[in-house]
Amino acid sequence: MHKRVIFNDKLLPYLLLAPQIAVTVVFFFLPAGQAVLYSLYIQDAFGHDWQFVWFENFEVVLTDRDYLDTVWRTILFSGAVTFVSMGSALILAVMADKHIRGATVYKTLIVWPYAVAPAVAAVLWYFIFHPSIGFASKGLVALGVNWDWKLDGGQAMAIVVLAASWKQVSYNFLFFLAGLQSIPKSVLEAASIDGAGSTRRFWTIVFPLLSPTTFFLLVVNVVYAFFDTFGTIHALTQGGPGKATETLIYKVYSDGVQNLDLGSSSAQSVILMLIVVALTAIQFRYVERKVHY
């Protein structure tokens, strides 16, 4: 017989929820509401005169060729970060799930990068691939590669993708490893007895059973690539060279903080929020159909 604990104080649940509700209101709802409000105004260079313009800021943003290029650049960047981080994490998790010597140390070392701040991670990759002093850059030059990501936009984007993906691999690794360890060993043993090789067992049994974890990480990684990569881009390339690595979140910062165009920046932030909400809804609507719980 199990004992049930019942709290007679009806106010207690609300008190326990109050801190989280307060944090959500202060750091999400209030800034989001302020962004929506500012997106309907334009202001002078000194921030004294405000003029209500309805949706003119949205019209200007959505007809700006540079902004549309940034949208496609962000989609490609997010797709690359999601694919690289999740693919690498899955491979590492499969290796860690095997009975290998020093598995505990191996798992600990893989988890460490998640504790590194995005800006610090960017600085590490900055020195590794620095055109003049980076040891990786020297190796690429020795192989005949004309390496200078400070001038080449494609190379700069590749570095930003690698840095952002490396930062997220540890998070994905933890969930993939937990998912692999939750798969019943009897199922794999039965498939092995039936003659299924390791590759076939993975694609026909393991990976389908990992679909809930994969779907969850897909949503999380897309949101991460859209929002949480600002620190990496700012510390590594600052959106350059030119605008080769400028994503939507960084453009909101450059237009709002550097150029002091709060109306356009607020409109961009609202559009960015709607894009992420739409992508998440599409994933739940179409991708989740292939998830087997």
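Modeller: Helices here are DSSP runs of H or I with at least four residues, strands are runs of E with at least two, and both are numbered from the N terminus. Phe 207 sits in helix H9.

Colleague: What should I keep in mind about the source?

Modeller: The model is predicted: local features need pLDDT of at least 70, side-chain atom pairs count only at pLDDT 80 or more, and totals for chains, interfaces and linings use all residues. Residues are numbered from 1 along each chain as its sequence is written, and side-chain values use heavy atoms, leaving out hydrogens and water.

Colleague: Is Phe 207 buried, partly exposed or exposed, and why?

Modeller: Buried means under 20% relative accessible area, exposed means over 50%, and partly exposed is in between (1.4 Å probe, protein chains only). Phe 207 has 30%, so it counts as partly exposed.

Colleague: What does Phe 207 touch beyond its neighbours within four places in sequence?

Modeller: Leu 90, Phe 202 and Thr 214 are in contact with Phe 207; contact means heavy atoms within 4.5 Å. Leu 180 is 27 residues from Phe 207 in sequence, and their C-alpha atoms are 9.0 Å apart.

Colleague: Stay with H9. Where does helix H8 meet H9?

Modeller: H8 covers residues 185–193, and it packs with H9 at about 145°, the axes 11 Å apart. Axes are lines fitted to C-alpha atoms, for helices over the stretch in contact, and angles run from 0 to 180 degrees between N-to-C directions. H8 gives Val 187, Leu 188, Ala 191 and Ser 192, while H9 gives Arg 201, Ile 205 and Val 206.

Colleague: How many residues of that contact are nonpolar, polar and charged?

Modeller: Five are nonpolar, one is polar and one is charged. Ala, Val, Leu, Ile, Met, Phe, Trp, Tyr, Cys and Pro count as nonpolar, Asp, Glu, Lys and Arg as charged, and the others, Gly among them, as polar.

Colleague: Now the rings. How many aromatic pairs are there?

Modeller: The structure holds 21. Rings of Phe, Tyr and Trp (its six-membered ring) pair if their centres lie within 6.5 Å; planes under 30 degrees apart count as stacked, over 60 as edge-to-face, and the rest as tilted.

Colleague: Why is the pair of Phe 28 and Phe 29 called edge-to-face?

Modeller: The centres are 5.1 Å apart and the planes stand at 80°, so the pair of Phe 28 and Phe 29 is edge-to-face. Phe 28 itself is partly exposed, at 44%.

Colleague: What makes Trp 125 and Phe 129 a stacked pair?

Modeller: Their planes are at 0° and their centres 5.7 Å apart, so the pair is stacked. Trp 125 is buried at 15%, and Phe 129 is buried at 12%.

Colleague: Which residues do ring pairs link into a cluster?

Modeller: Tyr 38, Tyr 41, Trp 50, Phe 52, Trp 54, Phe 55 and Phe 58. Trp 54 lies in the loop between strand S2 (50–52) and helix H2 (56–62).

Colleague: Is Trp 54 buried or exposed, and why?

Modeller: Its relative accessible area is 55%, so Trp 54 is exposed.

Colleague: What is the phi of Trp 54?

Modeller: Near 60°, a positive value in a residue other than glycine. Most residues other than glycine have a negative phi, and most peptide bonds are trans. Leu 260 has phi near 60° too. That residue is in the loop between H12 and H13 and is exposed at 53%.

Colleague: Which residues does a cis peptide bond join?

Modeller: Gly 240 and Pro 241, with omega about -5°. Pro 241 is in the loop between helix H11 (230–236) and H12.

Colleague: What covers the buried residues of H10?

Modeller: The cover includes H3 (65–96), H7 (153–181), H9, H12 and H13. Among the buried residues of H10 are Phe 215, Leu 217 and Tyr 224.

Colleague: Why does Thr 229 count as buried?

Modeller: Thr 229 has 0% relative accessibility, so it is buried. Its place is the loop between H10 and H11. Leaving aside neighbours within four places in sequence, Thr 229 is in contact with Phe 77, Ala 164 and Tyr 224.
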